Structure formats: C-alpha cells, structure tokens
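Subject: Handover of a structure, aromatic contacts

Hello,

Here is the structure you will be taking over. My notes on its aromatic rings follow below.

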Amino acid sequence: MSRALFAAVAVLPLMLAAGSAVAQTHGGHGGHGAHAAPARPAQARPQQARPRPAPKPRAAAPRPAAPAAPVAADPHAGHDMSGMQAAPVQTPAADPHAGHDMSGLAGHGAQAAPVDPHAGHAMSPAPAATADPHAGHDMSGMQRAPAQTPAADPHAGHNMAPTQTDPHAGHDMSAMTGGAPNIPTSVDAVGGRMVETPPPAAARAAPAHAADLLFDPAVMAASRKQLLAENGDVRTTAVLIDTLEAGFGDGEKGYSWNAQGWTGGDINRFWWKTEGEGAFDGKLHDAEVQALYSRAVAPFWDVQAGVRQDFRPDGDDTTHLTVGVQGVAPYWFEMSAAAFLSTEGDLTARAEAEYDQRITQKWILQPAIEVAFSASDIPELEIGSGLTSVTAGLRLRYEIRKEFAPYVGVQWSRSFGDTADYARARGDDVDATRLVVGIKAWF
C-alpha cells in the first residue's frame with residue numbers, strides 16, 4: 001500500500017506536466033485541426049510544462065493569400081509593353097502564423113513564391129497619353145489572343161490635308177454615269193450665242209396675242225397701246241449746252257457756242273443742234289442750225305437725218321441735206337459723224353469725239369477733237385478739197401452741280417491744203433491757239 005501510494009505521488013507531477021503541454025499545443029492551433037501534432041517523448045524538458053504568456057492583441061489579419069495557381073500563358077507575350085504603366089505593387093499580406101513555432105507541423109513548410117506573369121517584360125512608365133486600359137487588373141487568367149494582321153488603311157493614298165475643299169478629291173469618278181442632261185449652252189454655239197430652237201408650227205397658227213381668243217381684239221389692242229405708253233414709250237426733253245465760251249488769243253477776242261437737245265422717246269426722237277462763232281465787236285463769223293429725226297438702231301447709237309441751215313453775215317446762206325450717226329463708243333467716248341450735201345451739190349463731212357476723264361467727283365478733264373473734210377473745192381466759202389481743218393481742245397471743269405459746271409481750257413486749230421491758202425490770202429493765221437473760259441450746263 002505504501003509503495004503503491006508512493007508510486008502514484010511520484011507519477012502525478014509527470015502526468016500533469018504532460019497534459020498541460022498537450023492542451024497548450026492544440027489550443028493555440030485550433031484552426032489547424034487537420035494538422036496532427038507529433039508525439040513528444042516523455043522525457044520533455046520540465047520548463048515546457050509551464051504555461052506560456054498570452055500573445056498581445058493585434059489587428060485582425062487579412063485573408064490568407066490564395067495558393068499559387070499554375071502559371072498561365074502570358075496574354076501579352078510578344079507585345080511591346082514599353083508604353084504600359086507599371087501596376088501598383090501590393091503589400092504582402094501579414095502571415096497569420098507569425099510568432100508560432102511551425103517547425104514541428106507537417107505541411108507548414110515554406111511556400112514557393114508565385115511566378116510573376118510579367119517577368120521579362122519591359123514595364124517602364126509610359127506617357128500619360130498612352131495609359132494602359134488594363135493597368136491594375138489581374139490578367140494572369142486570360143488566354144493569349146492570336147496575333148492579328150493590321151487592317152489595310154481605307155484612306156491610304158487619299159489626300160487628307162485639312163485645306164482640301166473638293167468633297168470628291170482623290171476619288172475615282174470614272175465609273176459614274178448619268179448626271180445632269182447635256183443641255184447646249186453658248187459655249188457650244190458658233191459666235192457665243194445661245195442655241196435656240198424654232199418654235200413649233202402650231203405655235204404660229206394661233207393669234208399673236210392669246211388674249212384675243214377670249215376678248216375683243218380691238219379692246220385688247222387699245223390696252224396694249226396704253227400699256228406701252230405707260231411703261232415703255234416715255235417722252236423726255238433735254239437741252240445740253242456743251243460749250244458756251246470766250247476765247248483769248250493773239251488775234252481778235254471772240255466767242256463761240258455748241259449746243260443740242262432732243263424731245264421724244266427712247267426709240268424715236270427729234271434732235272436739234274446749233275453752233276457758231278463771232279467776235280466781241282459784234283461781227284458774226286458763221287452759225288448753223290440742224291433739225292434732225294433720230295432713231296435708235298443699237299444700244300447707245302442713233303441714226304440721224306434732216307436738214308442743216310448755215311447763216312453768214314454776207315448773206316450767202318446755204319442749206320444742206322444731213323445724214324449721220326451719234327452715240328457712245330466703248331470706254332464712254334462720245335462720238336458723232338455726219339455728211340452734208342448742199343443745195344449747190346457740194347459734199348462735206350465732219351467728225352467729233354470727246355471723253356470725260358474724272359479726276360475726282362467734282363473735277364473733270366475733257367479732251368475733244370473735231371476734223372472737217374470736203375469732197376471738192378468751194379471757192380465762195382474759201383474751202384479746199386480734202387482735209388480742211390482740225391480743232392483740238394482740252395478743258396478742265398468743276399461741277400458745282402451735275403447740271404452746271406464752269407471750265408477753263410486751251411484750244412488749238414489749223415487749216416490744211418487749199419483752205420490754208422485761202423486763210424493766208426485774207427491775212428489770217430494758218431494755225432491759232434487761244435485760252436478759253438466758259439460753262440457747261442444741261443436741263
């Protein structure tokens with residue numbers, strides 16, 4: 001009895017130490033029940049039987065890292081990854097077994113680090129303009145996409161400059177057909193006139209005015225005449241004093257005039273003209289008056305016919321039959337030309353031209369020239385055949401109003417041929433230059 005009691009007292013401390021060690025080992029690793037702890041020998045050191053101090057409380061550990069998956073094929077293999085931004089480096093999760101002695105546990109050996117799927121790729125930072133849309137995404141599970149051949153540029157060979165304005169520039173339009181109808185234009189006609197087709201024969205079978213089919217033709221004729229009078233047959237009257245001036249030269253001082261006017265419509269008019277010259281002492285050299293019928297034959301041009309009557313101090317008056325043209329030539333040259341057949345059978349002619357050169361809105365320079373001819377000698381008028389005289393002038397006027405303008409100028413005249421001989425015989429100069437001052441007006 002005493003031996004059995006002694007043996008129980010001696011073994012009791014060893015059993016208590018062994019139970020405390022086993023309870024501490026399995027209590028600290030309750031989450032690892034699947035790992036069986038190895039049997040410890042009975043001769044464990046006595047100090048292990050003492051309870052270990054409780055660990056200090058710490059923040060909740062993150063979820064344990066997933067076990068390393070098999071290395072998948074890199075989807076970016078063969079691609080230039082130099083322009084991609086590097087993914088942010090993730091901080092390794094805290095080890096839930098830190099501070100525990102796991103050397104005796106099976107299966108808790110060091111785990112192999114996961115293989116970097118981008119190992120060997122250039123991950124240098126790229127400019128902000130070419131940010132990788134997959135940056136920060138886990139691409140390890142993606143399969144590698146097959147390499148695609150770059151698509152052909154649909155605009156290759158086209159001029160894409162921003163200054164191009166033609167919407168069809170660079171396009172092949174040779175295959176297009178149709179379009180606008182081929183209508184003849186003035187370019188297709190000889191002389192540059194539009195191609196005109198004659199009206200059908202049925203168009204001339206009806207009356208000239210379709211309204212005559214519905215209304216009395218006599219009433220419609222009176223209406224058309226009234227319409228013409230109100231809109232196209234406007235009658236006007238004008239008086240133009242081209243020159244009214246005094247001349248000062250080496251010889252006697254004299255005066256001259258040249259005026260004309262009309263009354264009528266745009267097509268038919270009555271024209272009158274007059275011109276002459278004399279001396280300040282009261283002696284009239286010559287004067288003429290014309291009464292003409294004028295008809296427009298072209299834009300800006302009239303044909304004129306009528307009579308001319310000359311007046312002279314010696315009483316040798318002459319009457320002429322007159323035919324001529326008057327109008328405005330290109331570049332606004334005002335021109336007139338007329339032929340005169342006298343009752344004596346003498347044929348003479350005269351041509352005039354003048355031009356208004358505007359310097360300002362008020363100042364106008366007007367050159368003018370007049371040339372006279374005779375088909376035969378006229379001794380009673382002291383006129384020789386051929387070119388009889390030339391008169392040229394240059395006048396500068398200031399338009400106080402459009403209807404009234406004073407002027408100053410110079411005029412030169414010369415006789416030729418037998419006419420010059422007649423001038424010398426009576427003691428006159430062949431040529432003469434004089435200063436002129438006058439007015440130009442119209443109303």
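The structure holds seven aromatic pairs. Rings of Phe, Tyr and Trp (its six-membered ring) pair if their centres lie within 6.5 Å; planes under 30 degrees apart count as stacked, over 60 as edge-to-face and the rest as tilted.

This is a predicted model: local features need pLDDT of at least 70, side-chain atom pairs count only at pLDDT 80 or more, and totals for chains, interfaces and linings use all residues. Residues are numbered from 1 along each chain as its sequence is written, and side-chain values use heavy atoms, with hydrogens and water left out.

F300 sits in the loop between β4 (284-298) and β5 (301-311), W332 in the loop between β6 (318-329) and β7 (333-342), so the pair ties together parts 32 residues apart in sequence. Strands (E, at least two residues) are DSSP runs, numbered from the N terminus. Both F300 and W332 are exposed (over 50% relative accessible area; buried is under 20%, partly exposed in between; 1.4 Å probe, protein chains only).

W363 and Y398 form a tilted pair, 4.9 Å centre to centre with 55° between the planes. It links strand β10 (residues 363-374), which holds W363, to strand β11 (residues 386-398), which holds Y398; the two residues are 35 apart. W363 is partly exposed at 39% relative accessible area, and Y398 is partly exposed at 32%.

F248, Y255, W257 and F280 form one aromatic cluster.

Finally, a charge: R308 lies over the face of F340, 4.4 Å from the ring centre. The criterion is NZ of Lys or CZ of Arg within 6 Å of the ring centre and within 35 degrees of the ring normal.

Best wishes

Definitions and conventions. Helices (H or I, at least four residues) and strands (E, at least two) are DSSP runs, numbered from the N terminus.
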